[in-house]
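Reader: I am new to this structure. Please show me how to read its features, one at a time.

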Amino acid sequence: MSFPLLTATAVVPAVGAIATAAVPAARRTAAKWLALLFSLATLALAVAVLVRFDPDGDRYQLTESHSWIADFGVRYELGVDGIAVSLIALTALLLPFIILAGWHDADPLETTSSRWRPTQGFFALILAVEAMVILSFEATDVFLFYIFFEAMLIPMYFLIGGFGDRAHAGSDENATAQRSYAAVKFLLYNLAGGLIMLAAVIGLYVVAGNFSLQEIAQARADGSLDMATNTERLLFLGFFFAFAVKAPLWPLHTWLPNAMGEATAPIAVLITAVVDKVGTFAMLRFCLQLFPEASKWATPAIVVLALISIIYGALLAVGQRDIKRLVAYASISHFGFIVLGIFAMTSQGQSGATLYMVNHGLSTAALMLVAGFLISRRGSRLIADYGGVQKVAPVLAGTFLVGGLATLSLPGLAPFVSEFLVLVGAFARYPVAGVVATLGIVLAALYTLVLYQRTMTGPVKPELAKMPDLRVRELAVVAPLIALLIGLGVYPKPVADLVNPAVEHTMSDVQKKDPEPEVEAAK
Amino acid sequence: MNPVNYLYLAALLFAIGATGVLIRRNMIVVFMCIELMLNACNLAFVAFSRLHGNLDGQIIAFFTMVVAAAEVVVGLAIIVSLFRSRHSASVDDASLMKL
Amino acid sequence: MEKLIALLVAAPLLGAAVLLCGGRLLDRVGHWLGTLLAAASFAVAVVLFTDMLGKDAEDRSLHQHLFRWIPVEGFQADVAFQLDQLSMTFVLLITSVGTLIHLYSVGYMEHDERRRRFFGYLNLFLAAMLLLVLADNYLLLYVGWEGVGLASYLLIGFWQHKPSAATAAKKAFLVNRVGDMGLSIAIMLMFTTFGTFAFGPVLGAAEETGEGKLTAIGLMLLLAACGKSAQVPLQSWLGDAMEGPTPVSALIHAATMVTAGVYLIVRSGEIFNAAPDAQLAVTVVGAVTLLFGAIVGCAKDDIKKALAGSTMSQIGYMILAAGLGPIGYVFAIMHLVTHGFFKAGLFLGAGSVMHGMNDEVDMRKYGGLRKYMPVTFVTFGLGYLAIIGFPGLSGFFSKDKIIEAAFAKGGAEGWILGSVALLGAAITAYYMTRVMLLTFFGEERWRHRATASPEEPGAEPAAETRGGPGGHAEPHPHESPASMTIPMVLLAVGSVFAGGFFSIGDRFVHWLEPVTHHDHGDSPLSAATVTGATVVVLVVGVTLAWFQYGRRPVPVVAPRGSLLTRAARRDLLQDDFNHVVLVRGGEHLTRSLVYVDHTLVDGVVNGTAASVGGLSGRLRKLQNGYARSYAVSMFGGVAVLIAATLLMRAV
């Protein structure tokens, strides 16, 4: 039997989490380095997965399969397609940056008792999230996926509730209350989604008799498993609800601004760039594959919700006074684009949506982490507390601008490619939706540039006059992200080639073909 | 005699026991009423056994007696210890079952 | 030869990368590096141009395929270049004017501590602009299109510590984004209609397509052009864009970037030719803007904003010409080139005047400067004669042809468009004469008068470091250094001779014909009549201005003026409209949405949580701890169960 590469990719961060948690209280720095080391080892394994994966080969590769709970047909089944591989690579890539950016976020305060080990806990939890996210990208057994999909809520809950942003407005007590509110809201919202999904998972078992994604999809495709229309629709809605909460889609989005606002910037990146991607990923993998007919049935409604998300998220981002909440609403707008791309049911839309997941991860990470550096310098999240930063910290302002330009999908940066693909894909199927979504690019420019103008330009605020520019550690976080944003913007072909075959499979699952152009152009 | 009459008697005894449980405050009396209900059940079991002509009912009656005996042991112990600590055998005085 | 095309873009791009990432080490040589790379691009352009001249007219088009950019099923985007006569014209204009303005900026920005970054942005602009005109498909054009928007944003807001500059930059980007929306929708339409968006296949198949689709594509392209070229109704950003340093105004907001809309329309000629409704819309936009800009130009006292109004108006001419179809395309481009020379020259002249006047921009505080700045005066004067269409100079040839073509459109439309173009020519003569008289003639109104302090919003902050202590005391007008005057002289040469050179033997027409095709049209008026009429309106305009500003002394503080003047000073109330409808409306919308999100969407969630909490509080009271009440509920429950069972059985 060959080396279980996929299991290893998840086991390494899991072991890292345990090892980091076990570091004695006094050796904080060692814990940090240990966590970084394990995240880099995971990255190396993810690269190995990337290398071993053959885009033109079988749909699911590097598969592993073991019996687990034989009585209920639950198996430990892993396998990746091009979409999963690219998202695993994104996760593994972002984690070292998240750890590096959060280097001092969990240093114990003077007042903390010495027996507390917040630093160890912080980094161990981050690695635990990574392990579970990677496993949920890999699982091809519905029940196995469900377990990790839910289990990642636990470490996330503690990361949000236990290690909030130290920059806050008002008293400590108020901040703690806000933080636990955000953490509980995050947990309850996602648990509610998960619960409904659990019902659907059980329902699926009752109908299909096992949990294997591949077997069920196969049976659905060759007609040996027939579902009643209503059953299929109900099961679809059960799954979709959970993913729409996680994604998050309007009107199930309100947990995200709270969670991202209260968590530290690296954790906010972890939420929006990594954890939320499981939601949109699962729409592609589970909703479309298991319930193709119901997906097509629900498409018009979902497209409308996605459009509302795009416009609504962008408008609310314009109205925010808190930098991190602004980025959160911008993300809601972007998740609208991703969902729109998935449910446009065109190969451009779905390839675009997958690329969008990767690129959004990079662009939000760049913008949010720089925002985090900025916030840690001034100790405030309010936009109004900033001004003229460009003059005192030009490098910080420059990187912030690049992150912002990536967020508004400037051509030449990676997000443009994916956003345009989504728009084209949506336009080909639903022209009106394409046009409405295009409004989103104007609004994106508005909230990004307003944010940049208010924080970075104008006269320097006296409190900021002595602000230091980016340090080496911070630059080491931002520079590679920016390089990737530019690199994938100019040459996105490698990722596109990875994703395209997987998207073709999904398109054939739902039995949709791209609309033909009206005129066959003379080539 | 018609065995159905035994069933009526069992129902009557059960009703008396249930009423006793609900309206009496003295723990000992409540306890005895519970015993009465159990024995009403036993009577019904035996009557059914006779009616249906098999021994299942009688076997279950034995089970019930064993359970009743065990219950008496534990129950009386609780009542005695409660009486010792509170100097009262009223059911309503012990409303500590809620959180 | 094709291999060289990428080099055109690569040289300035490299400059931008090096200068922006290079750090302080490059502060001392950065500006020369930037200028050198711009010049290198120009040199490559010249090489390519001579090579192209050596070929037959029909196979002058070069292609270079670099790599596949976005490959997704039917959606195949390439990074590939196409260099034909149209692109070549633009490349030469962009690189030559660009290089001159780099040179000018060396002097103009001498004392700015962020000069390195300024040159980085300028190089970035050149790269993006060249990408725009060299792309062989609409998606790559879009990259350049937004790239120049970004460079424009960065350069308008170059003095970011001034809130007005930062706001102007943001406004320019946002208004342009509205136009970009048009371009992206146009590309999507092309993709769904033709299955591709490369120039060749799209334009080749244009004739086989339904007119409805083409009209839609054409209108979307027009929207894009309106944004980039500051045409009504998306013109409002151009005036504010004058917050940028003057070389930027000359290069980006006069000579090159703002003409990208004209390029787009001329490039998509086949689409417009097959969609007459879209063409009509183009001509209407052009005609309206040419009057709009001219009227605004008459009222502004800020020299740069007056010139910005003029730019708008001149681009209106080009758009008008482009809307006329094959009769106009060539002249649109010809006017674009000559305009590039004389308007860049005028802006550089304005910059030179401001340079000598402590960065005062109010023309009412100039006067009589011809004695102090002879070179500036002469070059500015030649530019002035060119723009008003003085016979024999560049503007005369190009503008005259446009007016002629407008009449040649035929029918009532032709008469209307032609008269509007003539009227525009008169107003042009009027406002340019006004600028000239206010600046270089008349009394020396700047004597005994401190100019605006650099902290004031109107002033260019280069003044902060310029002129030494008391820099905003009474100005001492002086001629600018050679690095600034040389580009002005060269541009003046261009403004004088370019038009004549192009017109000899219809050279320019023959040069562009293979790409844009050309029709003569049949004008109801003879060429001589049109020329005569042009000269007459020119004289009328100049005379009027002379009566108003030449004969009488000019008040330093602007008089209140008529209703039209006041409206024109406020850009014909467009900004007020925007403010009330878009800004205020948008603010209300976002604020109410934030409220709705908090109370309604989130309220449902929090309400659910609260009601669950309340319900559980109530239910807790049932658990009173009395054994007997539990017993009652048990008996009751059993009774209900038995009753239900019996009932079910009975049924």
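Author: Start with a salt bridge, meaning a side-chain nitrogen of Lys or Arg within 4 Å of a carboxyl oxygen of Asp or Glu. Asp240(C) forms one with Lys171(C), and their closest N and O atoms are 2.7 Å apart. This pair joins distant parts of the chain: Asp240(C) sits in helix α9 (residues 236–240) of chain C and Lys171(C) in helix α6 (residues 163–194) of chain C, 69 residues apart. Helices (H or I, at least four residues) and strands (E, at least two) are DSSP runs, numbered from the N terminus.

Reader: What should I know about the model and its numbering before going on?

Author: The model is predicted: local features need pLDDT of at least 70, side-chain atom pairs count only at pLDDT 80 or more, and totals for chains, interfaces and linings use all residues. Residues are numbered from 1 along each chain as its sequence is written, chains are lettered from A and ligands numbered from 1 in the order in which they are written, and side-chain values use heavy atoms, with hydrogens and water left out.

Reader: Is Asp240(C) buried or exposed?

Author: Buried means under 20% relative accessible area, exposed over 50%, and partly exposed in between (1.4 Å probe, protein chains only). Asp240(C) is buried, at 19%. Lys171(C) is buried too, at 18%.

Reader: Which salt bridges can I look at in chain A?

Author: Take Glu262(A) and Arg381(A), whose side chains meet at 3.5 Å, N to O. Glu262(A) lies in helix α10 (residues 255–262) of chain A and Arg381(A) in the loop between α14 (347–378) and α15 (389–392), so the pair ties together parts that are 119 residues apart in sequence. Both Glu262(A) and Arg381(A) are buried.
Another salt bridge joins Glu463(A) and Arg378(A), at 4.0 Å, N to O. Glu463(A) is in the loop between α18 (431–456) and α19 (472–490) of chain A, while Arg378(A) is in helix α14 of chain A, 85 residues away. Arg378(A) is partly exposed, with a relative accessible area of 24%.

Reader: How many salt bridges are there over all chains?

Author: The count comes to 25.

Reader: How do I read an interface?

Author: The size of an interface is often given as the accessible area lost when the parts come together. Here, buried area is that loss (1.4 Å probe), summed over both parts. Between chain C and chain B it is about 1000 Å², with carbon and sulfur atoms giving 66%. Tyr626(C), Arg628(C) and Phe635(C) supply 59% of the area that chain C buries against chain B, more than any other three residues. Contact means heavy atoms within 4.5 Å. The contact takes 10 residues from chain C and 15 residues from chain B. The salt bridge count between these chains is 0.

Reader: Which chains share the most contacts?

Author: Chains A and C do, of the 2 pairs of chains in contact. No contact joins chain A and chain B; their closest C-alpha atoms lie 24 Å apart.

Reader: What does chain C look like as a whole?

Author: Chain C has 24 helices and 2 strands. Its C-alpha trace spans about 115 × 65 × 55 Å along its principal axes. Buried residues make up 61% of its 651 residues.

How values were computed: Buried area = accessible area lost by both parts, 1.4 Å probe.
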